[in-house]
Amino acid sequence: MTKAASVTEAMLSRRSIRAFSDRPVPLDVIRQVMDTARWAPSGCNFQPWEGAVLTGAPLRELQQKMLVSPPQDPKEYSWSDPEVLPECLARLHQVGADMYSAMNIERADKAARGDFMAQNLTSFDAPAVLLVYFPRVMGPPQWSDVGMWLQSVMLLLREAGLDSCPQEFLSLHARVIKDYLGVSDESHIFFCGIAIGYRIEDDPVNQFERKREELDAKVRFLGFE
Amino acid sequence: MDVSEAVASRRSVRAFLDRPVDPAVLRRVLEKAQNAPSGGNTQPWNATLLTGEPLARLVALVADTIPQGLAAYSAEYPVYPAELEGRYADSRFGVGEAMYAALEIPREDRAARLEVFRNNFRAFGAPVLMLIHTPRYMGLPQWSDIGMWLQTVLLLLREEGLDSCAQEAWAVYQKQIREIVEIPDDHIFFCGVAIGWGDREAAINRFPVPRVELDQVVRWEGF
């Protein structure tokens, strides 16, 4: 994918990539992205984000540990009601249905679906992964701040010609990750990984249509002429 | 405008020019921002944009409420974490002090500082105020999704030449907001975003807001 020349282009060309090429991510490129992303806003300028970027041998070593660990119980954090509410489940199932359909995986083929889900653990073969964590004391507005930083990272990656996939899935192995990184489980919560690399453009899993709600269902305008 | 320039040139703008914002531009920005990512495609963000008469009514109602002081506050979430350590504790008052220093308002002049703070509740003179709310059942990861969408909006506004200020301050007057704007009872009110053309010459828009060094925030393994 070509480098995004504008915010709009970055926005419209960003999608969650689930098939990466083996082309490595140069340190100077990813450092530049992370350096600029520091200018993301945060309430009170807390900058409540912390992370580690892994590639090569350390990344593979961590992935091996996750592959042999069961998902942790209890979970690192609650996905709350969106996990069970019909309107949210419908959206989640729609993404899954569109994705598996693009890959020609039948709904009934649980084994094939499971194999694909397991690829989350190796971040869809992305050569680099950003692991995101922060102090447990952070509340809802700071989680929003972390989101502002993450989206800055993902858009800046597009500007550098890179692609990404945010992976809350990795939180199923939060303690394994924190243990590997030497991050305190007591003081810090692990949020998500961001798979980073170059997309395989013609892979069907990177091409299915993503649906969004109509603007007027989300936004109202009052007092405008 | 490229992403780097948008990220680097965005700052919280607290003085705006008296110049209207084209609603077609706002629609364009928000249409594009719908492409923001969210876990499970939940898209947990909801917004109401005010200008003109409804915005003036909100500003007037809150102005009438301000004299009641803290007793009138009704934030539905903790704006600040209870216990902060290290660099987080250090940053708690940093922006405020830098701002008042730029305005040459000493700590003792509480009246002048309060007057500046109250500008929050005029959206700093911006012609548009966007109010953000979300269903109460949303959990912490969905708050992060809202942040991803919000930063997308702020960067797309920069691309249109517009400025903004994300204002959690409005959260303390969510009751008054609900008197003017119909926000569903089962939604929590998060924040306002002032939108307009920034007065980039104003001292309040020029003081530095430093960031933590990269290597204090991010570690690198295997490169």
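Helix 2 and helix 6 of chain A cross each other in a right-handed way. This comes from a predicted model. The two axes come within 9 Å, and the crossing is at roughly 140 degrees. On the helix 2 side, the contact is built from Val33(A), Met34(A), Thr36(A) and Ala37(A). Helix 6 of chain A answers with Trp149(A), Ser152(A), Val153(A), Leu156(A) and Leu157(A). Sorted by class, this helix pair brings together seven nonpolar and two polar residues, with no charged ones.

Chain B has a helix pair of its own to look at. Here helix 2 (residues 23-33) packs on helix 7 (residues 140-159) at an angle of about 140 degrees, and the axes are 9 Å apart. Helix 2 and helix 7 of chain B are therefore oblique to each other, and their crossing is right-handed. Val29(B), Leu30(B), Lys32(B) and Ala33(B) are what helix 2 of chain B puts into the contact. They meet Trp149(B), Thr152(B), Val153(B), Leu156(B) and Leu157(B) of helix 7. The class tally for this chain B contact is seven nonpolar, one polar and one charged.

Five strands form an open sheet with mixed pairing, in the order 3(A)-4(A)-2(A)-1(A)-5(B). Its edges are strand 3 (163-167) of chain A and strand 5 (218-221) of chain B, each of which pairs on one side only. On average, and ignoring direction, neighbouring strands in this sheet are turned by 20 degrees against each other.

Within this sheet, strand 2 (residues 128-135) of chain A is mostly covered, with seven of its eight residues buried. Strand 2 runs antiparallel to strand 1 of chain A, and six bridges join the two. Strand 2 is also antiparallel to strand 4 (residues 188-197) of chain A, this time through eight bridges. Another bridge pair linking to strand 4 of chain A is Pro135(A) with His188(A). Helix 3 of chain A lies across strand 1 and strand 2 of chain A together with strand 5 of chain B. That helix runs at about 105 degrees to strand 1 of chain A.

Strand pairing between the chains also involves strand 5 of chain A. This strand pairs in the parallel sense with strand 1 (residues 46-51) of chain B, over four bridges. Val219(A) has Ala47(B), in strand 1 of chain B, as its bridge partner.

Taken as a whole, the contact draws on 78 residues from chain A and 77 residues from chain B. On the chain A side, the elements giving two or more residues include helix 1 (7-13), helix 2 (27-37), strand 1 (50-55), helix 3 (56-67) and helix 4 (86-102). Helix 6 (140-159), helix 8 (215-218) and strand 5 (219-222) of chain A are also among them. The largest share of that side, 16 residues, comes from helix 6 of chain A. By class, the residues on the chain A side split into 46 nonpolar, 19 polar and 13 charged.

Notes: Residues are numbered from 1 along each chain as its sequence is written. Chains are lettered from A and ligands numbered from 1 in the order in which they are written. This is a predicted model: local features need pLDDT of at least 70, side-chain atom pairs count only at pLDDT 80 or more; totals for chains, interfaces and linings use all residues. Two residues are in contact if their C-beta atoms, placed from the backbone, lie within 7 Å. Ala, Val, Leu, Ile, Met, Phe, Trp, Tyr, Cys and Pro count as nonpolar, Asp, Glu, Lys and Arg as charged, and the others, Gly among them, as polar. Two strands pair if DSSP finds at least two bridges between them. A residue is buried if 20 or more other C-beta atoms lie within 10 Å of its own, exposed if 12 or fewer, and partly exposed in between; C-beta atoms are placed from the backbone. Axes are lines fitted to C-alpha atoms, for helices over the stretch in contact, and angles run from 0 to 180 degrees between N-to-C directions. Angles under 35 degrees count as roughly parallel, over 145 as roughly antiparallel, 65 to 115 as roughly perpendicular and the rest as oblique. A crossing is left-handed if the near helix is turned anticlockwise from the far one by less than a right angle, and right-handed if clockwise.
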